[in-house]
Amino acid sequence: MKSEPDMIETLFAESRAQAPTVSDDLLARVLADAAQMQPRPVPAPTLWAAMLDLIGGWPSVGGLAVAGVAGIWVGFAPPTSVSTWTEDLIGTPVSIDLLGDGTDYFAEGFADG
Amino acid sequence: MTTPTGQNAATSDADLLSAYAGGDMDAAAVLTGRLLPHVLGQATRMLNDQAEAEDVAQEALMRLWKVAPDWRLGEAKVSTWLYRVTANLCTDRLRKRRNVPLDQVAEPIDPTNSVVTQLQENARMTALSDALSELPERQAQAVSLRHLEGLSNPEIGQIMQISLRSVESLTARGKRALTQILQGRKAELGYEDEI
C-alpha cells in the first residue's frame with residue numbers, strides 16, 4: 001500500500017506524463033487571434049504631414065489662416081477705434097516728406113509735357 | 001526548418017515576437033507551434049479540463065500578441081512570462097471552481113485507453129486539480145510549477161518574481177497541504193490496492 005508521500009509523488013508523476021495534443025481548432029483560433037492583433041505597419045510621414053503635425057494639425061492651420069486674413073484686412077482698412085488707440089499710444093501721426101519741395105517742379109514739368 | 005521569412009529553430013522566441021510585431025505572420029506561426037503545446041500542457045495539468053485548458057491557452061497567447069509591440073528584447077524570456085500568465089489564468093479558474101459541485105466538472109475521455117483505466121486516471125487528475133484549487137493561489141502556482149512542470153526553484157523564482165526562500169517555503173507548505181487534502185481519498189483514487 002502506498003504511503004501519503006508516495007501517493008502524492010505518483011500523482012505528480014502521472015500528471016507530468018500528460019501530453020495533450022494541440023487540436024487543429026485551437027491552433028486555428030490562436031493564429032486567427034494573432035492575425036487580428038497584429039500591429040498595422042505605420043507609413044512614414046510626408047514632409048507636409050510632419051509640418052501639419054508640428055503646428056498642431058488642421059485646426060491650427062484654420063486658425064492661422066483666419067488670423068492672417070484678419071491682419072491684412074486691419075492693415076488696409078483699420079477701424080477708427082484702432083487709429084484712435086494707436087494715436088493715444090504713440091501720439092499724433094507725423095508725416096515726413098522725403099522728397100522735399102523740388103518734387104513740385106518735376107511734377108509740373110511732367111504735367112506740361 | 002526555415003520559414004519563407006528566414007526564421008529557424010535557432011531564432012529566439014523574443015526575436016520571433018519582434019518579427020511578428022513588425023508584420024511577419026510567419027513568425028507568429030513558428031512561435032505558436034513552439035509555445036502553444038507547453039501552455040496547453042501547463043493548463044491541462046493544473047485544470048484537468050480540456051475545454052478550460054484550451055480557453056486558457058488561447059487567452060495566454062492572446063495576451064502575448066497584445067504585448068508584442070511593447071516587448072523589450074533581453075528583459076524577460078517569453079517562456080517565463082507565459083508560465084506566469086498561464087499560472088495566473090489557471091488559478092483564476094481554480095478559484096471559481098471552489099463553488100462548483102464536483103460532479104459538474106467536465107471529465108474528458110481519451111478513447112485510446114480502456115474506459116476503466118481512463119476513468120481512474122481521470123479521477124486522480126481531477127482530485128489533484130481540485131486539491132490545488134483548495135490551496136492559497138501562490139502555493140498552488142509554486143507547487144504546480146515545481147511538481148507538475150518540473151521546473152527548478154530559481155526558474156520558479158523568476159516566473160513568480162519571488163526569492164528562492166519564498167519558493168522553497170511555498171512549495172513545501174503547498175505540498176504538505178495537498179498531501180493532507182488527498183490522504184483521505186486513497187481508496188477512492190485506487191491507491192489502496194497498490195503496493
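**Close-up views of a two-chain predicted model**

**View 1. The side of chain B that touches chain A.** In this predicted model, 39 residues of chain B are in contact with 27 residues of chain A, two residues being in contact if their C-beta atoms, placed from the backbone, lie within 7 Å. At least two residues of this side of chain B are supplied by each of helix 1 (13–21), helix 2 (25–47), helix 3 (50–67), helix 5 (115–134), helix 6 (137–148) and helix 8 (164–183) of chain B, where helices (H or I, at least four residues) and strands (E, at least two) are DSSP runs numbered from the N terminus. Helix 2 of chain B gives the most, with 10 residues. By class, the residues on the side of chain B that touches chain A are 21 nonpolar, 9 polar and 9 charged, with Ala, Val, Leu, Ile, Met, Phe, Trp, Tyr, Cys and Pro counted as nonpolar, Asp, Glu, Lys and Arg as charged, and the others, Gly among them, as polar.

The model is predicted, and local features need pLDDT of at least 70, side-chain atom pairs count only at pLDDT 80 or more, and totals for chains, interfaces and linings use all residues. Residues are numbered from 1 along each chain as its sequence is written, and chains are lettered from A and ligands numbered from 1 in the order in which they are written.

**View 2. Helix 6 of chain B against helix 8 of chain B.** These two helices pack at an angle of about 95°, with their axes 8 Å apart; axes are lines fitted to C-alpha atoms, for helices over the stretch in contact, and angles run from 0 to 180 degrees between N-to-C directions. Helix 6 and helix 8 of chain B are therefore roughly perpendicular to each other, a term that covers angles of 65 to 115 degrees. Among the residues making the contact are Ala142(B), Val143(B) and Arg146(B) of helix 6 of chain B, and Leu170(B), Gly174(B) and Leu178(B) of helix 8 of chain B. The contact of helix 6 with helix 8 of chain B has 7 nonpolar, 4 polar and 4 charged residues.

**View 3. The helices of chain A.** Chain A contains 6 helices and 0 strands. Among the elements of chain A, helix 2 (residues 24–37) has the highest mean pLDDT (96), whereas helix 6 (residues 102–112) has the lowest (61).

Notes. pLDDT is the predictor's confidence in each residue, from 0 to 100. Angles under 35 degrees count as roughly parallel, over 145 as roughly antiparallel, 65 to 115 as roughly perpendicular and the rest as oblique.
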